[in-house]
Amino acid sequence: MEATAANGENSRTAAILENLDVAVILIDLDDVVTHLNEQAALILGIDRHEILDRSFYDLESSNSHYLHVRAALQRALGYPRGEQQAEVSLHVRGRDHTYLLKAAPLDLDGGAEFGTMITLHDVTYLRDKESARTNLIATLSNELKTPLTSLSLAIELLQRKTSDPKQHEIIETVFEDLARIRDLSDGLLNVTRNETTSIAVRSVTFDFARLVASVTKKFLLQAAQKQVALRTHVERALDCYGDPVKLSWVLSRLIANAISFTPVGGSVEVSVGRDGQSLRISVSDSGRGVPLELRDVLLEQRPQWKPEGLDNGSAGLSLAIATEIVEAHGGRIFLDSSTKGSTFVIQLPHSRCI
């Protein structure tokens with residue numbers, strides 16, 4: 001009876017493993033393969049009878065898939081328990097796939113280990129999206145170089161030909177904006193070339209109140225044309241360490257989005273002040289707000305939001321870049337869903353404030 005029950009339990013376990021959406025390989029403490037499902041056999045490129053009841057590391061196979069998976073498993077097992085994973089690239093079913101290999105120890109109720117479960121998760125879709133995003137940023141950065149150069153030359157020509165102080169002030173503002181765009185473009189291009197692991201930020205002392213005043217001033221005309229009230233509430237004496245060029249770009253993106261999504265007669269408010277152990281910057285609008293289904297993913301690194309009247313992913317991409325910049329400063333950016341409309345909040349650590 002016990003043998004019959006055990007066989008029944010094994011059959012149920014095998015049926016469950018066969019119906020999983022991931023490849024699964026079970027090995028015992030002697031590294032002998034006790035089970036693998038059909039997906040695992042397909043990925044390894046080895047018939048089941050050639051691998052069952054044999055040591056996973058001693059198979060007489062020169063199949064490149066098996067060799068790559070075996071090497072990935074050996075890398076994964078070199079990491080601490082609970083973090084044993086590695087990626088492996090294989091050509092399966094006519095195209096390149098990326099799999100995330102995970103090794104999880106199998107423990108009895110008493111805590112004794114009796115084997116290891118190896119799973120291979122197909123993350124090709126995620127890597128394709130990351131690659132598309134990287135290529136898009138690289139393309140945008142390269143495409144910006146020519147018009148930025150032309151604009152700089154045109155502005156220099158205007159500066160030499162005008163003597164009006166007001167026009168000189170406008171030209172200086174344009175110069176500053178061009179410098180910000182060029183700096184950000186170069187930084188993003190370096191990331192796509194793997195010259196840096198993240199967006200690089202400077203650490204200089206600057207007045208955050210002055211930065212906010214400078215950025216919001218540039219949107220007053222745009223807000224007035226749309227009949228949107230743009231108001232600021234900023235504490236004084238907010239000296240900070242950071243990259244004023246990149247932070248001003250982040251603030252500009254949030255204000256630009258807020259004005260775009262606010263109807264005629266609405267309002268946009270920018271507030272800055274100390275909040276406990278952090279500096280809090282919020283940009284609120286009285287628009288329709290972000291749909292519930294997008295609130296948790298909007299700030300992730302994928303351009304997927306398509307508001308009415310905007311190109312596909314334009315808002316999502318700029319917010320993803322803004323997130324990278326804020327996180328490079330040790331802070332975080334999030335959507336406050338407790339308010340009407342939309343309120344994006346940036347929190348910078350206390351160490352960034354003097």
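Which residues in helix 6 meet which residues in helix 8?

The model is predicted, so local features need pLDDT of at least 70 and side-chain atom pairs count only at pLDDT 80 or more, while totals for chains, interfaces and linings use all residues. Residues are numbered from 1 along each chain as its sequence is written, and side-chain values use heavy atoms, without hydrogens and water.

**The sheet.** Select strand 1 (residues 23–28), which three bridges join to the antiparallel strand 2. Strands (E, at least two residues) and helices (H or I, at least four) are DSSP runs numbered from the N terminus; two strands pair if DSSP finds at least two bridges between them. Within this pair, Leu 26 stands opposite His 35 of strand 2. Widening the view shows an open, antiparallel sheet of five strands in the order 2-1-5-4-3. Its edges are strand 2 (33–36) and strand 3 (85–92), each pairing on one side only.

**Across the sheet.** Next select helix 3 (residues 64–76), which lies across strand 3, strand 4 (95–107) and strand 5 (113–122). Contact means heavy atoms within 4.5 Å.

**The helix pair.** Finally, select helix 6 (residues 208–217) and helix 8 (residues 244–260). Phe 208, Leu 211, Val 212, Val 215 and Thr 216 in helix 6 meet Pro 244, Leu 247, Ser 248, Leu 251, Ser 252 and Ile 255 in helix 8. By class, this contact has eight nonpolar, three polar and no charged residues (Ala, Val, Leu, Ile, Met, Phe, Trp, Tyr, Cys and Pro count as nonpolar, Asp, Glu, Lys and Arg as charged, the others, Gly among them, as polar).

How values were computed. Axes are lines fitted to C-alpha atoms, for helices over the stretch in contact, and angles run from 0 to 180 degrees between N-to-C directions.
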